[in-house]
Amino acid sequence: MQNDEFAQIDAEESPQSNNDDVYWLQLARTMYSASTDFLDSSVRKRVEKNVAHFNNRHAKDSKFNSPNYRNRNRMFHPKTRNGERSNEAAFAAAMFSTADLVSIGASDPSNPAVQASAEIHQQLLNHRLEITIPWFLTAMGAYQEAQVFGLCASYNHWKYRERTYKEDVQALHPLTGEPLFIDGEPAMIEVDQVEVIEDEPCIDLIPFENLRFDPAADWRDPINKSPYVIREVPMYAGDVLAQMSSEDSKTGAQPWREYTLSELLSSEDEKRDDSTQRAREGEERQPTSETQAGGEFTTVWLREYFVRKDGEEYVYWTVGNSLILADPVPLEEVYLHGERPITLGICVLEAHKTYPTSPVELNSQLQERVNSVVNQRADNVDLVLNKRYYIKRGAKIDTPALMRNTPGGGVVMDDIHADIRTESTPDVTSSSYAEQDRLDVIMDESAGAFSQSSVQNNRALNETVGGMEMMNAGASAISEYTIRTFVETWVEPTLRQLVKLEAAYETDDTLLALAAGKTDLFQRYGQNLKLDALLDAELTVRVKVGMGATNPQQKLERMRTGFMTVGQIAPQAIPRIKEEEVVKEVFGALGYKDGARFFDDAEEQPTEPPQDPMLVVRMKELDLKKSDQEFGQQLAAQKLQDERDRWMAELALKERISVDELAQKTGLEREKIHTQRQIAAGKLTEGQTKLQLQAENLAQRHDTF
């Protein structure tokens with residue numbers, strides 16, 4: 001059906017008239033209708049259920065929202081939200097453990113110009129992510145949306161806004177350039193001045209319900225492989241009117257056509273109230289259309305269309321589906337890097353599925369089962385503590401007092417034995433708690449979380465340190481795999497587009513000079529390298545996130561094992577280790593940004609003067625001789641001791657007495673042997689002293705030389 005609609009558009013309208021409003025509006029309606037129909041029929045319902053579970057609310061179709069459960073327990077056990085927060089904490093530990101938020105390498109390290117460009121981009125991007133762009137909130141928000149909705153998307157662009165104002169300045173002579181005066185007073189003229197208000201890169205998250213693409217696109221890259229992408233942008237009518245009268249002299253964005261306020265407000269969908277947005281903010285939220293102040297403060301829904309037509313990429317804007325706001329132009333005229341400025345990320349990889357399952361959805365049925373077990377147990381406890389009564393119809397009983405069940409209160413009735421009967425409910429058994437424990441363990445395993453309930457419920461493992469490590473290792477593996485999937489699909493593509501934006505639009509001379517100074521560019525390459533040429537080089541962007549990054553202890557252990565292995569296999573590589581990077585990673589795993597404040601600069605560390613190689617060899621020879629003499633002394637002393645023991649044993653056996661008794665009788669002989677040992681030790685000490693004096697004389701002669 002969708003293909004028939006596109007074919008009908010091509011037949012009715014001439015493809016040569018690319019500026020024909022009727023043609024482009026009809027194409028916009030067809031694209032928006034086809035993508036929205038698929039979203040509503042196949043995706044929106046399960047997404048809204050995920051949002052409800054994330055917000056600790058029962059889904060619309062849950063049995064707990066039916067009238068039958070109006071007076072029963074309807075608590076939501078927050079297992080989904082707890083697992084999501086645990087995954088967010090692991091992602092934050094992996095992404096933001098070191099001071100450098102991003103690592104950029106040259107595609108050709110042997111090329112000095114490309115290497116210098118990579119170093120400049122390294123400093124520029126880290127500065128922008130730390131100062132200009134709220135990177136922590138943006139990255140964490142994107143990861144959260146991917147966890148809940150199954151995918152996240154961002155619009156990566158350069159924001160430029162300037163203000164023109166009038167200012168009186170003194171007139172200058174057109175030929176000499178000297179100030180002009182009239183009757184002794186300075187001649188003033190009014191000139192236009194331009195003030196730059198915003199000039200920076202931006203990464204704006206796109207809400208799930210505000211992005212459309214063809215569901216039949218390649219699942220590996222649906223944004224760039226889809227024939228069209230639609231981005232919905234809500235704006236106040238007053239801001240739209242202001243944008244119509246302004247121009248973007250830097251990025252080359254299309255100028256917007258001018259419309260009146262009434263034309264904007266009469267366009268389609270200005271009172272749009274999306275069900276997914278309402279599920280995110282709460283069903284009790286008042287519709288946006290009912291809270292508008294009116295006039296210029298009314299929200300108008302704009303749409304930016306990216307369309308591939310006859311092999312050419314076009315981009316244009318509409319107001320709803322009724323007004324062309326910006327004429328269709330080739331994509332590279334608006335976005336100089338020539339790519340669609342949208343990146344899409346996922347957390348769960350599902351082949352051939354453009355809208356993959358989210359981690360929250362993987363546990364959806366388990367969450368509903370946990371809620372059922374918890375609430376049934378709560379109902380049972382309520383019935384045990386507040387029993388159910390059977391009351392005879394027509395009996396004269398004080399029913400309100402009976403229902404209040406006030407401690408110490410009384411209930412008036414005619415016949416206490418015939419008018420009322422109490423139903424005794426058995427207390428809940430341990431099977432209910434065991435069922436919940438097992439469900440919690442399954443949810444933790446699926447989500448890659450390592451919670452206290454997992455430890456308590458695995459008695460076969462939690463009583464040993466090795467068992468704890470086994471459970472944590474399994475949870476960490478799933479968590480790290482999820483993080484790596486998200487980094488590969490959204491973080492790195494987004495940062496690569498940010499690098500291209502910097503290369504295309506960065507004009508901050510102060511920031512460029514600061515980046516060049518930090519990388520010592522001018523000392524290495526001199527004044528022959530131009531920053532414009534360096535910024536155009538092709539680079540490789542890598543984020544410092546690896547398997548094991550979510551567990552600091554494992555991260556340090558793997559790093560230590562890696563260095564030990566390299567030292568054994570390739571010891572010649574050890575002197576080339578980057579000490580600053582090693583210190584940064586170690587202290588980053590320990591919770592610090594880096595370890596710079598714990599170490600002195602390399603230039604400030606005292607250095608020892610170089611030694612004469614011949615002197616070093618001679619000193620080592622003397623140390624070896626000294627060690628040999630000490631070893632010989634120990635052997636001689638041990639030999640004397642062995643001879644003494646053997647002599648004492650033979651003599652005691654001959655005299656038929658014990659060794660101790662013989663020792664008392666032969667005290668004089670023992671003294672003689674001790675004296676001989678002292679004489680031998682003195683001779684060895686004298687030889688060691690002579691060697692020490694020779695070493696000192698050699699050192700003094702080297703210092704004198």
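Asp310 is exposed, with a relative accessible area of 66% (buried means under 20% relative accessible area, exposed over 50%, partly exposed in between; 1.4 Å probe, protein chains only). This residue, other than glycine, has a positive phi near 55° and is found in the loop between strand E8 (299–309) and strand E9 (312–319); helices (H or I, at least four residues) and strands (E, at least two) are DSSP runs, numbered from the N terminus. The model is predicted, so that local features need pLDDT of at least 70 and side-chain atom pairs count only at pLDDT 80 or more, while totals for chains, interfaces and linings use all residues. Residues are numbered from 1 along each chain as its sequence is written, and side-chain values use heavy atoms, with hydrogens and water left out.

A positive phi, of about 60°, also occurs at Asn56, which is not a glycine. Asn56 is partly exposed, at 32% relative accessible area.

Rings of Phe, Tyr and Trp (its six-membered ring) pair if their centres lie within 6.5 Å; planes under 30 degrees apart count as stacked, over 60 as edge-to-face and the rest as tilted. By this rule there are 19 aromatic pairs. The rings of Trp135 and Trp490 are stacked, because their centres lie 5.9 Å apart and their planes meet at 10°. Trp135 lies in helix H5 (residues 135–149) and Trp490 in helix H16 (residues 465–505), so this pair ties together parts 355 residues apart in sequence. Both Trp135 and Trp490 are buried. Phe149 and Phe208 are likewise stacked, at 5.3 Å centre to centre and 20° between the planes.
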